[in-house]
Amino acid sequence: MKLRPWTFDKDKEVVLKWIGNVDVVNKQWRIRAAFEENNQIKMLDFPIAVLPLLRIGAFYKDGQLMDANTTGIIYDVNIPQLNQYKVASSLDACKEFGYYLHKIPELMFQDVFEFAVEGNAYYLPQFEFIRAVFAVNKQMTNAMMRPNGVEFLVKNSYCNNSRAYLELADDIPNEIAKDENFLRYFAWLYFSPGIKASFECIHTKIMVKQNSGEFLKLEVELPSSNDTQIRFRGIQNGDKFLILQWLGSNLEGTTFSDIEIKHKAFKKRVAAHGKRKHRNSYQQNALEEILNDNMAERSKQNANQPVEELIGTQFDFGNPANIHKIFGDTQEVNQGDIYISNQGQGGGIQKQQQQIVGLDESVYGGKIQPIEFKTLQVVKNINGQGLEKFIKMIQLLSKDIHKYQIEMNIVYLPLGRKFSFINENIRRCACIVKVKNQLTNKTQYIIEIATADGKSLSTLIIYQYDFHEKFLKRILLNLVLNSGSWNKEIIKNLDCEKMKHTSNTIYEWKNKLIMKLR
């Protein structure tokens, strides 16, 4: 989705430097974000529900989040007591890394958690914890800004030992209610007193500042959680780490093993006589979704709003709870012959190339098409992608700061084949590493595919000087369509080299990679 307003040249890549304050405009919550272009900052403000898209240190082009270009690399840390921390300012934290906030008070005085772990210091912006752990989609982000907002998403609930029950409000879109990752996450948040209190304190702290006439910034109190492993993208300077993006964690798990869920989207299918309608629904051109920039126009009520899937936060709850859907109404399913229809929404050839979408809270009488996000993934182990050894090797390579400038990002593989998934619940990821050789001034890209399921696939090194976002997406799509093989069709006319995996140590693997870098 393309963010609007966007005041930069559409062909220019700009970096999201930091997050600013929130405010109420026309009775709608907005958030300010600082983008850096040519060592200058521009502040743009968006609906608060854009927060899942705001990744610090990531690059954007024409308002769209880029996959191939970001800041920092991936690290892990285990924090013994999550609620044992100091609070520092953004200014004090960022100056340790030469991460310049351009003397803008709104940016310099955001609150940052500081953790001391085994002689190292880790700095976590409070707004980043909120974004990663609580702003997982539009519904949760908007609920976060209301008093007792999470309660308005639930009609009825109870938790009895190993079994939890939730009847979800109709406001939750059907596709979100059907997402088992969201259901496990929401039950975890709702029935965990410490997590729920942390979520609710965000609005409480906002109200205290609003009543006293202070500037409004996102603040939170961390829950009590022991031995919390955090995977993050960040910057290292000696024994100090600045966390730019919280990628995943094993925050406290759940006490229940089963969750009963009731929602209007769950209907029991009943066979019925009659012909089955089939729509020819396809697109001549990809549909671009552009964020509504007119605050006077509101999103309409739509239970079946489109959902955009983004790579987001991984939550490790141990063994994920079993989901039991409770069916309410029935839905007749015709069992007769198929007939073709091009009538109705989604039918026929899609001629529209752009669609304006809204992230504000939907209202009756609204006209803008609302949109939702899927950004979270519930896993048994946040180390379960099979990229751990590769990441450690790149961390080792990055220590030679005088020779290599390294950036790293993780993206989902496109959908389309069985290879898109490691198993039925986990999307397969690719790790994209950008390496600039400071001695030769040449840049190359390394693509490593997650293979926790035992697939055999070489690392791909690309030497193209004009490598860009569309190029990356085409390569990954072709890989999926070829069932996980770097065949000749994918890499023809491409200046690249494959590097086979071996059982060598990460030191030997790093040296082998160095021999191939230009």
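What percentage of the 518 residues in the chain do buried residues make up? Buried residues make up 53% of them, where buried means under 20% relative accessible area with a 1.4 Å probe and protein chains only. This is a predicted model, in which local features need pLDDT of at least 70 and side-chain atom pairs count only at pLDDT 80 or more, while totals for chains, interfaces and linings use all residues. Residues are numbered from 1 along each chain as its sequence is written, and side-chain values use heavy atoms, with hydrogens and water left out.

The chain contains 11 helices and 35 strands, which are DSSP runs numbered from the N terminus, with at least four residues (H or I) for a helix and at least two (E) for a strand. Its radius of gyration is 24 Å, close to the 24 Å given by the globule rule for 518 residues, so the chain is as compact as a globular protein of that length; the radius is taken over C-alpha atoms, and the rule is 2.2 Å times the number of residues to the power 0.38. Along its principal axes, the C-alpha trace spans about 70 × 60 × 50 Å.

Among the contacts in the chain with a separation of 6 or more, 73% are between residues 24 or more positions apart, a contact being heavy atoms within 4.5 Å.

Strand 29, residues 404–412, is mostly covered, with 8 of its 9 residues buried. Strand 29 pairs with strand 32, residues 429–437, in the antiparallel sense over 9 bridges, and pairing requires that DSSP finds at least two bridges between two strands. Within this pair, Ile406 stands opposite Val435 of strand 32.

How values were computed
Buried < 20%, exposed > 50% of the residue type's maximum accessible area, 1.4 Å probe, protein only.
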